[in-house]
Each structure stands twice: as C-alpha cells, then as structure tokens.
Amino acid sequence: MRRMIRGILVLVAFVFVLAAAGSAVAEPDNYVDAVRGKALATAGDCIACHTAPGGKPFAGGFALQTPFGPIMTPNLTPDDATGIGRWSKDNFARAVHEGRRPDGAYLYPAFPYPYYTKVTRRDTDAIYDYLRSLAPVSNAVNRSTLPFPFNIRRSMWGWNLLYFTPGYFVADPKRSEEFNRGAYLVEGLGHCGACHTPLNVFGANKADQYLQGNQIDNWIAPNITNDPQAGLGNWSTDDIVQYLRNGQTRTSLASGPMKDVIENSTSKMPDADLKAMAVYLKERGAAGPSVPQPIPASDPQMKIGAAIFTDTCSACHASGGTGVEHLFPRLAGNAIVRQDDPSSLIHIILTGGRATGTEARPTSPAMPSLGYRLNDSQVAAVVTYIRNSWGNAPSRVDADAVRALRDRVSAGGN
Amino acid sequence: MARRLPRKDVVIVGLGWTGSIMALELARIGLEVVAIERGPWRDTAADFNIGTAPDELRYAVRHDLFLRPKQETLTMRNNPSQTALPIRKWGSFLPGNGVGGAGVHWNGQTWRFLPDDFRIRSHMIERYGEGILPDGDHIQDWPVSYDELEPYYDKFEYVAGISGKAGNIKGVKQAGGNAFEGARDRDYPTPPMKQGYAQDLFTKAASGLGYHPFPRPSANISVAYTNPYGCSMAPCTYCGFCERFGCANYSKSSPQTCVLPALIREPTFEARTDSEVTKVNLSKDGKTATGVTYVDLNGEEWEQPADLVLVCAYSLFNVRLLLLSGIGKPYDPSSNEGVVGRNYAYQTGSGSTAFFEDAKFNPFAAAGSLGAAMDDYNGDNFDHGPHGFVGGASITCAYTNGRPIQYHPTPQGTPTWGSQWKKAVHETYQRVTNVGAQGSVMSYRNNYLDLDPTYKDPLGRPLMRMTFDYQENERKMANWMADRCDEIAKAMGAKTTQINRLNGPWSVVPYQSTHNTGGAVMGSDPKNSVLNRYLQSWDVSNVFVMGASAFPQNAGYNPTGTVGALTYWSLDAIRKYLKSPAPLMRL
C-alpha cells in the first residue's frame, strides 16, 4: 500500500513537471487571483469583443467595426501559437496599460487601453491569471484587416501622443471611498466613456464632453451625466443599480448594444460595485443641452404622430406613454426619448429589438419591427410625437433623418 | 440503429406546461435535464409578433400552431361494434404542436375542481345511494384530495398570474367570488378581468334567479404581473385572439410567458425540438426505464439514456407512448381488465344562444377567458336526486372572440350564404350572446383508447384508436343544463333564444373541446389505474406521467388548472423519490 502511494506521488510529481514545461498552464497557487480576475474580466466585458459569434469565449475573431475599417479581435486564450500562451505577466500588463504588444507594436484604441490604463497592476495581473486558467483554443485571427493607411500601426504613436495619457487611476481624497471605487470602475475597466462620450474625427473621445452621449452603431449611447433632461438626473442610485444588474428599472428596459453589456458584464458584477458606479455617476456632475420647448399638440406632424401612436404603439406603451412595468418601457420622461439625437428611437421602430434578459428579469421582451409598414414620414411623425408628449421636449425629426438611418441599418444589418 | 447519446439525469417528453415546469424545477436543483419536443421551438419575441399574431386565416382556419394529421392522427369510432377510421382533419379537438404545447393556443380558463369532484364516487353513493351511478360506469375517486392539492393549485395560479376573485379564503366566504369553490389559502394573484355588457346582464339575471355568478378565473391577465420565476406579463388588451393563437402582448399565461424565459437560463437544461420520442426504453425485466428513443427531423434515430423519464406530452399522446412502450397493461373492455387506455373522457357543451332586439354587445372586445360564470349546477352543488344523472356544468356568459372569419352567429333558418345571410350577420353581430354549459363527462367501460389494428403512422407504428360516445347520463345532464341556460338567457332580456342540445352521436367534425382526459389515470389501486397518487407508474417506478391523462373522469371545468396543480404535487413527490429512487406507494 505504502509503495503504491509513493508510486502515485512520483506519478503526480512527473505530471507536474510535464505541466510546468507546457507554457499554457496557470500557476497552481493562484486560484484566488484567477477567481478575482474572472470578476474583473467580467467588469471589463472582455468577452463581448473577444468572442466571435458562435465562437469559443475569449478566442477572439470578432470583427469590430470602426470608422476606419474592421478590426478582428485577438485570441485571449493561453494558446501558444494563436493566443497569449507565450505572454508574460509583464507583457499583458503592458498591453493593457500602454496599448503595446510584447514586440512593442502599437495596438489600436478600439481596444480601450485609454481607459484600461487606469486599472491597477494587481488587477491586470489577476485578469492575466484568469485568462491563463482557460483552456487554450487554437484560433488564428487575421490581425491586419484595416485598409491603408490605418494599417500602419506606427501611426498610433502620434495618436497616443495627442489623445492618450497613460497612468493608473488616482483616487480623489476629497470624495468617498465608494465614489472613488465607482470612478475606478467607470473610468477604467468599465470603459463606459468609450461608447457614452462623443468622438472626434480621429476616433478619440472628446474629453470635454465626457459621458454626454454618443451615437454608436446607429444607436445612441445616452448622456449618463446627472443631467435632469437627457441624463440620469431623475434616476435614483437604486434605479441605476437595478438597471445595471437586471437590465431594467420599473419603467425602463435596456436594449441595443447596452443589452449585451448588461447580459455579459454588469448583471454579473457585485451589487457593491454597481452601487459605487451609480454613486459616482450621480455625484460627478451634470452636463447636457438646454431644455427645449415642446412642439404643440396642434402641430400637423404631431397630429399625424398621435394617430399613428394610438393605432400602432398604445396597446403596449399605453395611451399616456406610461408603458407596462418590466415589459414595455415608459416613454414619458424616457432617457432614450429625450436624447437630442433620435437615433435609438428611430432605430428600434424600424428594426424592432429585444430588451435585456437577466437572472432577475428573464423575460427579455420584444419590440416588433415596424419598418415594413411605416414609411419615413410616418416614423418621423410618431417619433416627433413621442419626443414632444408627456413632458418630453427634444427637437422635431424629419423624414430625411429616418431615411438616412433606414439606409444605414438595412445596409449594415444593425 | 439508434445512436446512443450521453446519459442525462432526466429526460422529459414534450415541452408544454408540465414539461417546462418540471424542467425548470429539476434543473434548478442541479439535475441534467433534456426535454425532447416533437414540434418546433416557439417564443413570444420570435413567433408572436403583434403585426402577424392576430391572423385568423393562418392560425384559426389553417391551424398553424396545431399538430398536422400527417405527423400523427387517431382513428375514431363511437362504440366497439364499429370499425374505426382515421381522423384526416382535426375537428372536434385540436392537439397542439411545438414548445408550449396546448399552453400556447388555449383560451386561458383556469379552474380548480370542486372538493367533491375528487371523491365523486364515494360522495354520490353516500348522498344518493348506488342507484345514482350510470350503467357501465367506471367512475372512481381520485387518489388525492382537494385539500392536498390546494397548495399546488395556489402555486400554479401564482406562476400563471391568474386573474380572478376568491369566493372562499380559508373557509370564509368572499362576496363577488365563487361561493361554491373549495377553500383557498389566499386570493388570486391578479384581480378579475373587466366584464362586458353581456356579462353584466348575465350577472344581474342569474342573481335575480337566486344563483351566484362571479367573474371567471382567467389566464388573460388583468394587470401587469411578475411571477415567482421573475417572468413578467402585461395587462390583456381584450383583442380576442387567444384560442388558436399565441399572445403577442405577453398577456396570456403560457410556458412562453411564465416559465421558458427562466428555464432557458438554466445551464443544465437542454431542449431538442423537432424530435419525436418513439418509445420509452425499458430494462430487461421491464421494471425500469433506461431512457427514450427519438427520431429527429432528418429521420435519424437516437437513444437518450436517463435515470428518470417524465412523460409530459398531450394527454392522448402520453397514453399512446405508454401503449407503444409496453408500460402498464393495455385496457381490454371485453374482459374489463388492464389499465392503459381505460377511462378516456371528454367534455360536454350545451346552452342557449340569445338574440336581443336593442342590446349592443361588442364581441370583438373579448378574451379567451373573459366571462361571468356560475357553479350552482356544477359538481354536486345541487340536489341530483330528481334528475337521474351524475355530474354538472359550469354555466357561463362569455365572449372569447368576435373575429371576422369564424364569428358570425345567425338565427336558425338563415341561409348559409348570399344576401340574406349577409343581412342576418350584419343585424345579429352585436345583438347576440350566449349562455353556455361546459359539463363533466364520466368514465365508462366502453369509452377507451387502444392501438388501432389497421392504421399506422409514417414510422410504421399503430395509430391510437379512440372509442367514444356521450352516454345517456351525459346527454341527460347537458340537456338539463341547456334548459337552465335558456331560462337565464330569457331573464337577461333576449327576444328569442335557441337551445343548443347534446343530441346524436359524438362527431369528430365540428370543433367542441380540446379537453381530452384519462387513459393513464391516477388511482389507489393498480387494477384500475396506471399511476399512483404521485403520478408515478405502478409498473415502472422511474416513469412519471403528467397531464390530464391522469384524470379518472372529467369534471365540469377546463382541465389546465388541475393539470398545473398535479404537476407541482408530483414534483414534490419526485424530489422525495430522487433521494431514494423506488416506488413511492407500497401495496
């Protein structure tokens, strides 16, 4: 018996030696870090971009559409030949903090290193440990899909000089610990600003309009400052937590690209972190457009819009735009409705969509596509009506705006 | 030769109400569950778009959601002396197809049976003597009582969000509810639907005649509701596209609205659709199921081994699967022995159509379970002594729909086409209502299901043969109810009425009811039942059979509420069974 145990021990040791020789195996004593890293990778929503439709998680190959052309996301599994199997901890940290590959080549800021640079080294190490614990997946990705001249990675040197400030997150000692935790998550791993901040022509976020809303993939990522008209001013901290955890509040449901963010990332984050993010968003300040006067109900376009709304929308969204809790968003005072940019409202009427489904709120209700039976001026009228009723008051929408978006979504499949 | 798949803890045959509830609850305790469903996947977002869901031609006339006879049909005859012939177009009843099953296309009337219904044989003999029982009857007590089922009725009603008004909470009568119902622990989860003008007239007239009307319990729900699984529903819009349709508004309780959104998130659950289970496989000694065999859409045959087999198909197809698998002894009416196929029962319909002169009803503002009902003549809520029949009916004034193609009642004698018909439709549409009686059907020696000796399905397996007719007891009951309906219709102010009686042999052609019950009934004695009181097969203890096939006879109500209650009741027993797999009842 004793000999047998010794035999097994030798065998186990031998297996360990073999395992250590393979570069793709995580260190045996970092389980806690790997679990922490998984939570951090979730907060960073890495899986969203680094997974191809129908592909293995983190194995890359997703075509990220940028104004400069598509970028295929790399394989983050610890595969030696096609993934990060041969990357060291320092290699990984450099990519995340500086946007540089192990060979020094520049990464494109479609990878949000201008945000991730704020993540602490301890946290990037934990993410590294987690990624190393995944099963290696062999998936060679073509990393050179951008057209000339954007395929010249060295050009990012200049971009970084202009728009990238490397550096870890620095807490504001005048603010609460919770605020700073929220700031760390929103400004760093959460990279919320990547979508919610307007871009300049070079694809860099406009620092002076941070979190004031931005059009992305023909949807509007709304203003998430504390602005009462277009932003989170009328949301409580708890509303924001509910939204990020469950995909909805009593009156509002996430759809469009935010659906994926919630399903993959925020719904799986700890409540304390969601609360910290909410506190930060509520307390950091407000900025938004001035409140316009609503278009009167007697306006001819408003009258047409009202008739279409009654026929087509009111069975679910109710005649007062009050919606149905947890299923059909309330349109009165709705943040998406109140954005200056009507893209999301037009988009969802044309194409329909699904709202977020989460553990707590699994239903994931659908908005039907109405693009096949409402023409451009009818969509414009009903959008104008919704945007100027029940206390809402953003600008009028015309048929040309609908036509332009219809062309883009039917061409791009979004 | 079937290819063998990796073993699962549980295999579920059919993903409707019972299958989806079982799958969710068992996946949540960590079991590997696979559901195998003959029809396609269906969900509200993808399949029931509000722009296309209310399509009467596609769904109501052309039966889009229903089983195609070429997939499976039955042969039928009225009595054992006849030769059964195949049903080539569904008529009298419409079996569902696909995920959600009948829970997709139902109207939504969600009842509890009366306490006496569960011990009807003992109760009737105690009150009236043996002589009250009809000739050739197989009426038997249920092996479970109303009180035992009450918590499970409650559970199902709260999952489905049922809209209604309690009539009896913990023994205290509640004004406005059903005065005859068994005591319930608490009120319905949502308030009753808004009733229309016809229902107001009915309520006044019935009250004036000394009856006890109340709003009928409805799965077309009245207000927004989120159930214990976190699934949300919206208030019904009274569009009247319920029966034969999927609901686009998330307003009708169904597996789609109430269970599947939670189920599909369970990592240990898997659904295989467009795959038909052909057999439950048994061990050599026939005492244990080893799994199932199924055929996919490409005709490939697969074997799915599993420790527990839950038969959750539509009641008729549960019975056929047991017969084809050799689980339980097939029933033989000539020797009156055997159990599988025994005690098939159905539902009666009778009543009075009421034509008004001045009233203006709006039948288009309707819902599948909108309606006012009374139970004064249901179960044994009245003295059967003078009448010479067993059973009863729920009497209702309801509009399930006023749809343009199929809803155009006209007075008797109206031509069936042409200008006179059009004129009559125009004049009648808003001036007609109906007082109907949906009645019980008892079980009899000669009403049963077995395998047809002649006709086979595309896979070469015998079709099931249905031998059924209404018996004298049911005719007597239904026609007596029709007279009561007529009295109420007249008291409502109808100028003329037309009594609808139950005459002639049962026919498969006109639509009547998809409340096919029995054939794999639950009981206390393996000699007259297929299942024990926990819906566990007496013969093969790792097989449980859900659904209305377990009803020993049918009551004067729609079956789904009781099917839901039995599912949760059985689920509790299955949890115990899983701790030490064995027969739950010892003889």
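**Close-up views of the predicted model**

**Figure 1. Confidence along chain A.** In this predicted model, the mean pLDDT of chain A is 90, and 92% of the residues score at least 70. Residues 1–26 of chain A have a pLDDT under 50 throughout. For this segment, the model has twelve contacts beyond four places in sequence.

Figure 2. Strand 12 of chain B spans residues 276–282 and is mostly covered, with five of its seven residues buried. Strand 13 of chain B, residues 289–295, runs antiparallel to strand 12 of chain B and is joined to that strand by six bridges. One bridge pairs B:E276 with B:V295 of strand 13. Six residues lie between the two strands of the hairpin, where B:G286 adopts a positive phi near 75°.

**Figure 3. The largest nonpolar core.** This core comprises 118 residues, of which B:L310, B:L316 and B:M466 touch the most other members. The greatest contribution comes from helix 13 of chain B (residues 560–579), which supplies nine residues.

**Figure 4. Surroundings of B:L316.** B:L316 is among the residues that touch the most other members of the largest nonpolar core. Leaving aside residues up to four places away in sequence, B:L316 touches B:L74, B:F93, B:Y344, B:L449, B:M464, B:M466 and B:N516. Another core, of 44 residues, lies apart from the largest one. Its members include A:L131, A:L189, A:L244 and A:V279.

Technical notes. Residues are numbered from 1 along each chain as its sequence is written. Chains are lettered from A and ligands numbered from 1 in the order in which they are written. This is a predicted model: local features need pLDDT of at least 70, side-chain atom pairs count only at pLDDT 80 or more; totals for chains, interfaces and linings use all residues. Side-chain values use heavy atoms; hydrogens and water are left out. pLDDT is the predictor's confidence in each residue, from 0 to 100. Contact means heavy atoms within 4.5 Å. Buried means under 20% relative accessible area, exposed over 50%, partly exposed in between (1.4 Å probe, protein chains only). Helices (H or I, at least four residues) and strands (E, at least two) are DSSP runs, numbered from the N terminus. Two strands pair if DSSP finds at least two bridges between them. A nonpolar core is a set of buried Ala, Val, Leu, Ile, Met, Phe, Trp, Tyr and Cys residues joined through side-chain atoms within 4.5 Å.
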